[in-house]
Amino acid sequence: MSIYLDHAATTPMVDVAMNAMVTQLAELGNPSSLHSHGRATRKTLEDAREVIAKEVDCLPTEVIFTASGTEANNIALKGLYWAGRAAGKKLVVISAIEHHAILDPAHWLLTHEGAEVIQVPVTPDGVIDLVFLKELIDNRGQEIAVISIMHANNETGVIQPIAEVVRIAGQIPVHTDAVQSFKKTPLSFSTLGVIALTLSAHKIGGPLGIGALILRRTVEIPSLLHGGGQEREIRSGTLNAPSIIGFAAAAASEHYPVDEITDLRDRFIAGVREVLPDAIVNGAGADRLPGIVNVTFPHTQSDTLLLLMDGAGVSCSTGSACSAGVHEASHVLLAMGHTEVTAQSSLRFSFGATSTTADCDFVLSVLPDVITRGRAANSV
Ligand SMILES: Cc1ncc(COP(=O)(O)O)c(C=O)c1O
């Protein structure tokens with residue numbers, strides 16, 4: 001038995017994406033070259049850009065391809081901060097539950113670039129505190145260079161009220177990290193009204209190492225990478241045509257059955273509650289993505305559970321970052337009110353397009369034994 005319930009970490013590539021990518025790998029031509037080889041690659045690449053633009057509801061010129069979601073987040077946060085700082089604004093506002101690809105650049109701006117960083121707290125269900133944000137904007141709105149709040153959280157799947165954030169923010173630029181949301185819940189750049197939005201291909205059945213920053217057409221920000229200026233002078237580097245084409249094919253493929261995955265998630269939650277009544281489903285009261293379930297199993301230790309699960313043939317995740325081989329307590333669960341101990345007694349199960357009812361039921365069948373053994377290991 002080998003069951004993969006870690007689709008929030010990365011997804012299997014869909015066939016159409018793999019085929020499109022392999023076909024393009026055999027083609028020759030730098031898309032910036034003016035000869036016929038270059039122009040042929042450029043044409044395929046611009047078609048791919050149009051596909052991504054259509055899927056996220058923006059203009060093709062608003063798509064800036066990057067080498068990852070991490071890079072897109074860095075370009076957005078640092079670039080919007082630098083643009084704001086030039087106008088005397090030094091405050092960076094993020095949420096307490098951001099991915100490290102926002103948390104860490106924010107910390108870097110604080111330690112190296114003179115920024116002040118304020119984190120918006122979340123409710124026990126993991127939704128950002130809009131009252132806190134509104135008060136902050138009422139009091140210090142003139143100082144804010146950028147607000148970056150993720151669209152849905154990668155550990156709990158909790159969806160954030162971004163349209164409301166944009167409304168409260170008024171003229172302040174808002175970026176959202178939509179890496180986990182794209183193709184899993186409705187996502188429209190133009191309707192949301194954000195200035196910048198991050199995507200990553202490998203979370204939607206596309207290849208690793210390709211992402212995009214959707215950046216409003218009129219916005220100019222300083223770049224991180226200087227060179228050929230390929231992407232609106234904001235991102236330099238020869239465009240990775242095969243990966244971009246794989247990304248677009250995955251985005252267009254409609255391979256993600258939202259209703260079925262939601263049913264699987266709910267079947268799993270009901271099953272967990274039946275076999276382990278003291279388990280806590282984190283964020284259960286909030287609007288969530290279809291595929292992510294984060295559960296705290298009291299009196300256990302996440303690392304032990306992960307290994308026991310792996311031994312039982314199930315790949316899942318602790319959801320939190322790993323430093324020197326040891327998982328830290330998740331900052332997301334801590335922000336939701338967990339203690340260090342209970343935050344470190346939690347696992348994330350993430351379902352995807354290839355998940356089945358049999359996968360779900362198998363995990364439920366091994367779970368009681370895994371938890372019993374995890375508790376025994378924890379009590380010695
Ligand atoms: C919410 C979120 N943002 C950003 C990233 C980073 O994306 P990438 O793996 O493309 O760098 C991830 C990946 O785990 C994520 O879940």
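Arg-232 lies in the loop between β8 (211-215) and α8 (241-252) of this predicted model. Helices (H or I, at least four residues) and strands (E, at least two) are DSSP runs, numbered from the N terminus. Arg-232 has a positive phi of about 55 degrees, although it is not a glycine. Most residues other than glycine have a negative phi. At 30% relative accessibility, Arg-232 counts as partly exposed, because this class falls between buried (under 20% relative accessible area) and exposed (over 50%), with a 1.4 Å probe and protein chains only.

Asp-57 is placed in the loop between α2 (36-56) and β2 (63-66). Its phi is also positive, near 60 degrees, in a residue other than glycine. Asp-57 is partly exposed at 34% relative accessibility.

Polar contacts are pairs of N or O atoms within 3.5 Å. A backbone N or O atom of Gly-69 lies 2.8 Å from a ligand oxygen atom. A polar side-chain atom of Thr-70 lies 2.6 Å from an oxygen atom of the ligand. For an N or O atom in the Lys-203 side chain, the distance to a ligand oxygen atom is 2.6 Å.

Residues are numbered from 1 along each chain as its sequence is written. Local features need pLDDT of at least 70, side-chain atom pairs count only at pLDDT 80 or more, totals for chains, interfaces and linings use all residues, and side-chain values use heavy atoms, without hydrogens and water.

Terms used:
Polar contact = N/O pair within 3.5 Å; in protein donor to acceptor, adjacent residues only side chain to side chain.
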